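Subject: Handing over a structure, with notes on what was found in it

Dear colleague,

Please find the sequence and the structure below, handed over so that you can look through them in your own time.

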Amino acid sequence: MDLSTTETQGMLRDTLSRFLADTYTFDARQKMIASPEGRDPGIWRALSSELGLTCAPFSEELGGMGGGAIENQIMMEEFGKVIAIEPWLQTVVAGGGALVAAGGPLAEATIPAIIAGDCVIAFAYAEPQGRYNLADIGTTAKKDGAGYVLNGHKGVVYAAPWATHLLVTARTGGGRRERDGVELFLVDAKAKGISRRDYPTVDGFRASEVYFENVAIPGEALLSGGIDLIERVADECTVAVCAEATGISRAMLAQTVEYTGQRKQFGVPIGKFQVLQHRMADMLVEAEQIASMALMGTLRLDAEKDARKAAVSMVKAKVAKSIRFIGQSAVQTHGGIGITMELAIGHYFKRATMIEGQFGSADHHLERFEALTYTA
Amino acid sequence: MNLDFSAEDLAFRDEVRAFIAESYPASLRGKQDEGDELAKEDFLSWHQVLAKKGWVAPAWPVEYGGTGWSSTQRYIWSEETARADCIRLMPFGLAMVGPVIYTFGTPEQKAHFLPRILSGEDWWCQGYSEPGAGSDLASLRTKAVRDGDDYLVTGQKTWTTMAQHADWGFFLVRTDNDVKMQEGISFLLIDMKSPGIEVRPIITLGGEHEVNEVWLDNVRVPISNRVYEENKGWTCAKFLLAHERVGIAGVASSKRGVEKLKAVAMTEMEGDRSLLANPFFRRKVAELEIDLAALEYTELRTLAGMAAGKNPGPESSVLKIKGSEIQQRLTELTLEMAGHYGAPYFRGFGEGDNEHPIGQEWANRAAPTYFNARKTTIYGGSNEIQRNVIAKMVLGL
């Protein structure tokens, strides 16, 4: 057992942290979001081709630095501190993770493009009727000669407007909600028959409803592994947003502490009031629990399937509840200014709130944990 | 970073398991199984077995009798002892005054006291709280006045755990009234058999005699029994509290507690389903287990920091808050599980009663344990004080 980080991991964190401090001020972020594209593509370019950070979680054979989940944890935590809107989760964690797990020529061709910054991926797994059930899928992939034909509707696909590729779950057989017959495909986002309705999300990203109408894709687009692979990828994503939650929570706490040192009422800084001090102490306690859970999730991703799923559900159930407490407390402590667009804190709160439900709410994960653990 | 045990760690785990199976005192095991109250010699019996083996103080530096174990080995040790339902050793010597003496004591104090703590020859108690000095510990008034080579100590301490068995006590006393409260306190080691000491029992809600009042009336204490400088006792006190809080989280024993809770909830029936199949009860168990996992990783992160040379600081308050809340929650759920059979009070039966059990054995102590566990958010610095510590020392408020 060893919980220390390597020197390389420390350098990775420092490099990213310095870069984001320069480029991701609150004002700069708000400008990116307000721009027509909704982001600054130069930042992704810098993260990949200039700073070379995209290679951190990939093996050396694939052109990476030999890292993995811990590197993703570090990156996501730092992104969380500035509520970055970069498509790391979708491109590197989901897309990269699925490709690494599936292997084969598609992985060998695509991962170098991810590392170079040329390939941006969006993870199209949710459907309007499916809530958090990854197998509740109506989108079909019908075998057609050597390839497949896709038909269906994917909902709230984060980063889809920016993506060169879509990572799509679709059904090759079986009925709705059946685990058998669900497969994962990597599809060219410009393929004929794909249409999108793009929109901004409350937490600063861009997303789309994506419609597939007789979209012909080659047989090589299949990442074999079925629902087990999809659940694995979703678990990796879940842990990654929990790492992001660590950065967000600590930032919300730090901003709240700073604000209560400046804001005066009754002639004193409000941070002198014990009732607020204790609330902030509780925020720290919960922020530490989030950091601990993100670590546990990261280290348990390689466990045997059911153990991994149980552990990830523990992590997400806890993180969802704790970050709600921290976000609501941060806003309450700021008072009226906390519910305006003016201050950063509200924007952290919005991202934090979306993380609660991303890849499954606390209730969903408690239920999955119980089903896997308590066979009474 | 990884969670894997190396081959050496696994061999160590096997060695620990075999040692416990072979050496854990049989009479102690018997009393635990029966739910009997443990006497001083019961506590000492396991202490002495460990002392003989050299494993009684894993956290101490090797030069003073520690084991030199890695943090992984210490983790394995606490897991295995909890798994085998070994009793927890009394912390007052091993976890409290021992580290103060080897950190702040004179060579003579180290040479005299440390071996006797290890062997179990001296049973220690803690003279901190007073009737008027609880959360505001620094306002303590028990005074020590110099008289030749001695101090004369007069005052009253309270909540003194196991003082009825103690050979020695470590006391915070006031040696200067004219300075800031924290700056006039000294740390004294007092022989509990000294004339002028009286120990009076306090009976707590479960019927147990754990804590006491300790009255001191002109108790003569050699100046050579003061640890660290005069009026610098607060430094020792704070050091001790930070160390105490790390151990206070009780992760391994709570893990064992959750395991037992689940095992019972799986067999305890409610109509045609087990209690663990009741979605409302099950959800409470699940959330407890999840909170405990979060605490476990928080402790692992703290221990990794300590292994890298960081002293446990105010962050240990996080462990104290969460650890105590979880211990209480465990007792709450056990009592809920007991249903009607939380009510029978076995102390009312008198000694030597062989008629029981009434109800299930696990339910016998459910209510007294629940009542007793209310102490966990009060002692070691109440959880409100821990929040003050976090606010001031970590958040800088």
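I begin with one residue of chain B: once its neighbours within four places in sequence are left aside, Gln73(B) is in contact with Asp9(B) and Phe12(B). Please keep in mind throughout that this is a predicted model.

Pro107(B) lies in helix 6, which covers residues 107-119 of chain B, and Pro107(B) counts as exposed because it has 7 C-beta neighbours inside 10 Å. The C-alpha atom of Pro107(B) is separated by 27 Å from that of Val49(B), and these two residues are 58 apart along the chain.

Turning to chain B as a whole, its secondary structure comes to 12 helices and 10 strands. Its radius of gyration is 22 Å, close to the 21 Å that the globule rule gives for 397 residues, so chain B is as compact as a globular protein of that length. Taken along the principal axes, the C-alpha atoms of chain B fill a box of roughly 75 × 50 × 50 Å. Of the 397 residues in chain B, 40% are buried, and when contacts between residues at least 6 apart in sequence are considered, 70% of them join residues at least 24 apart. As for confidence, chain B has an average pLDDT of 93, and 97% of its residues score at least 70.

Chain B is divided into three parts, namely domain 1 (7-89), domain 2 (124-232) and domain 3 (249-394), and the C-alpha centres of domain 1 and domain 2 of chain B lie 31 Å apart.

Chain A can be described along similar lines. Its secondary structure comes to 11 helices and 10 strands, and its radius of gyration of 21 Å agrees with the value near 21 Å that a compact globule of 376 residues would have. The C-alpha atoms of chain A fill a box of roughly 75 × 55 × 40 Å along the principal axes, and 52% of the 376 residues of chain A count as buried. Among contacts in chain A between residues at least 6 apart in sequence, those joining residues at least 24 apart make up 72%.

Chain A, too, is divided into domains: domain 1 (7-119), domain 2 (123-224) and domain 3 (227-373). The centres of domain 1 and domain 3 of chain A, taken over C-alpha atoms, are separated by 22 Å, and 19 residues of domain 1 are in contact with 22 residues of domain 3. On the domain 1 side of this boundary, helix 4 (69-81) and helix 5 (88-102) of chain A each supply at least two residues, with helix 4 giving the most, 10 residues. By class, that side has 12 nonpolar, four polar and three charged residues.

Finally, the two chains meet: 33 residues of chain B are in contact with 29 residues of chain A. On the chain B side, helix 4 (71-83), helix 9 (279-307), helix 10 (316-338) and helix 12 (383-394) each supply at least two residues, and the largest share, 11 residues, comes from helix 9 of chain B. That side has 22 nonpolar, five polar and six charged residues. For the complex, the predictor gives an ipTM of 0.92 and a pTM of 0.93.

With best wishes

Key
Residues numbered from 1 in each chain as written. Chains lettered and ligands numbered in written order. Predicted model: local features only at pLDDT ≥ 70, side-chain atom pairs only at ≥ 80, totals over all residues. Helix = DSSP H or I, 4+ residues; strand = E, 2+ residues; numbered from the N terminus. Rg over C-alpha atoms; globule rule 2.2 N^0.38 Å. Buried ≥ 20, exposed ≤ 12 C-beta atoms within 10 Å, placed from the backbone. Contact = placed C-beta atoms within 7 Å. pLDDT = per-residue confidence, 0-100. Domains from an automatic or database assignment. Nonpolar A, V, L, I, M, F, W, Y, C, P; charged D, E, K, R; others polar.
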